[in-house]
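Here's a quick walk through a few spots worth a look.

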Amino acid sequence: MISTRSFRLVAVLGWLGAAWPVHAADLLDAVNAARRFDAGIGAARNAQLAGREKRWQGLAGLLPRAELNGSYTKQDQPTAAYAAAVRRHSASVTVTQPLFDVSRVADFKRGGTLADQADIEYEKASQTLITDVASAYFDVLFGREVLQAAETAQQAFHKQLDQAQAALRIGDGTRTDVDEARANLDEALARKVSAQNDLEIASGTLRRLTGLAADTLAPVAWQCTPTPPPVDLATAMDEAALENVEVRIAEKLAEQTQADVVAATGAHLPVVNLQASYGTNWSRGANENGLDTVFGTTSKTRSSMIGVTVTIPLFAGGGPLSASREAYRRREQARDALEDARRKAREHARAAYLGITNGAALIRAQERALASADSKVKSTHLGREVGLRTQIDELNAQQRYFEAIRDLADARYRYLRARLQLSAALGTLGEADVAAIACRPAG
């Protein structure tokens, strides 16, 4: 039988940790380490920088295009009565400025939308990184608490089994007591193995994301965790429908399809360009004579041109018409996808909000359940001493106590996950949320 003092020690070890490092890493440290270590966030950053170039590429289509052309040729004429060879040089500069080209305007709008989408995609990757690191962080801490409870339970039930076997040998116990103690011990061993496996998996995930070892983590500062949600349920759902990253990405996709519709419409419209050029042509014959001047072998000319070109599409086999129909359907698809994203964001906000409010109530209930389980262990032990309770009753009371420790830890970490999930649903998940859990100021 384990004493009340031992039970309280289990609780203290579960919540505060038995041997945390002096310079342990809290959740904010883990997230910052992941930002430096994780290859996925690095890839997302490069994707963001690459996507921003789409804005300049779209703008380039509206700006003038300048070209410099030059050529040099040598022509041999061995049977000619005049020069045996002719060298020709030419150089010209051409500038083209679009005046009316709907497809280029559509490319400009699409480029701006793609650049904005790249920024939102990176924001989504950053929020996903925080969520993944927090999940691994909580899994490691929860796994440690479960493993600590399982090891303590194993020791307690092993002692109970020894006592039951000793009582049976002297005729003061029963085979039922021995079997019950053995069953509880076997169950504690199974839970210990399961807890070790879960902890190892969580440690591997944490190491992959942050490069940190699991034994360097600090426990959560529960006293700094705020209880009420930052907004009411209706406001949270409305904000999620507007600011959730998935909604904002869907909005950008819808804007892109609108640009595609404009481009498809522009395929039926004229294209007007302003074009200007200036150039020089010069030729010279080898061993010149009077015939070179007569036949133009030796000459030098300059030319300049400015004008407007108009291209009117007439018929292209029906391809532009098909592209227009496709663009309109894609636009309707994007609008439906946007509405679906808004509905999902509202539901995610609702689920996270309820996870916070119900989670806080569940934590209070589990704390009372743990206190009741502790009281039951004490009363059952006293009842056994006066003959009102059996050893089986005491074993069951101890088993329920260890389960209450695990259930309270699970409720607490579920509550923290719900807080982060609500911020993610609102599109505001960032360093401030992590710093609040780590009991540190943001920034």
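## Gln366 in α9

Gln366 sits in helix α9, residues 319-385 (helices are DSSP runs of H or I with at least four residues, strands are runs of E with at least two, and both are numbered from the N terminus). With a relative accessibility of 15%, Gln366 counts as buried (buried is under 20% relative accessible area, exposed is over 50%, partly exposed is in between, using a 1.4 Å probe and protein chains only). Setting aside residues up to four places away in sequence, Gln366 touches Asp407, Leu408 and Ala411, where contact means heavy atoms within 4.5 Å.

A word on the ground rules: this is a predicted model, so local features need pLDDT of at least 70 and side-chain atom pairs count only at pLDDT 80 or more, while totals for chains, interfaces and linings use all residues. Residues are numbered from 1 along each chain as its sequence is written, and side-chain values use heavy atoms, with hydrogens and water left out.

## Gln399 in α10

Over in helix α10 (residues 391-426) you'll find Gln399. Gln399 is buried, at a relative accessible area of 9%. Residues up to four places away in sequence aside, Gln399 touches Phe157, Asn184, Glu187 and Arg191.

## Where α2 meets α5

Helix α2 (residues 27-37) packs against helix α5 (residues 175-210) at an angle of about 60 degrees, with the axes 7 Å apart. The axes are lines fitted to C-alpha atoms, for helices over the stretch in contact, and angles run from 0 to 180 degrees between N-to-C directions. That makes α2 and α5 oblique to each other (under 35 degrees is roughly parallel, over 145 roughly antiparallel, 65 to 115 roughly perpendicular, and the rest oblique).

On the α2 side, Ala30, Ala33, Ala34 and Phe37 meet Arg207, Arg208, Leu209 and Thr210 of α5.

## The buried face of α6

In helix α6 (residues 233-243), the residues Ala236, Met237, Ala240 and Ala241 are buried. Look down the axis of α6 and its buried residues fall within an arc of 135 degrees, so they line one face of the helix; the arc is taken from the directions from the helix axis to the C-beta atoms.

At the start of α6, a side-chain oxygen of Asp232 comes to within 3.2 Å of the backbone nitrogen of Ala234.

## Arg87 in β2

Arg87 belongs to strand β2, residues 85-100, and is partly exposed, with a relative accessible area of 36%. Arg87 and Arg284 are 197 residues apart along the chain, yet their C-alpha atoms are separated by 5.3 Å. Neighbours within four places in sequence aside, Arg87 is in contact with Tyr72, Thr73, Lys74, Trp282, Ser283 and Arg284.

Conventions: A polar contact is a pair of N or O atoms within 3.5 Å; within protein, one must be able to donate a hydrogen and the other to accept it, and residues adjacent in sequence count only if both atoms are side-chain atoms.
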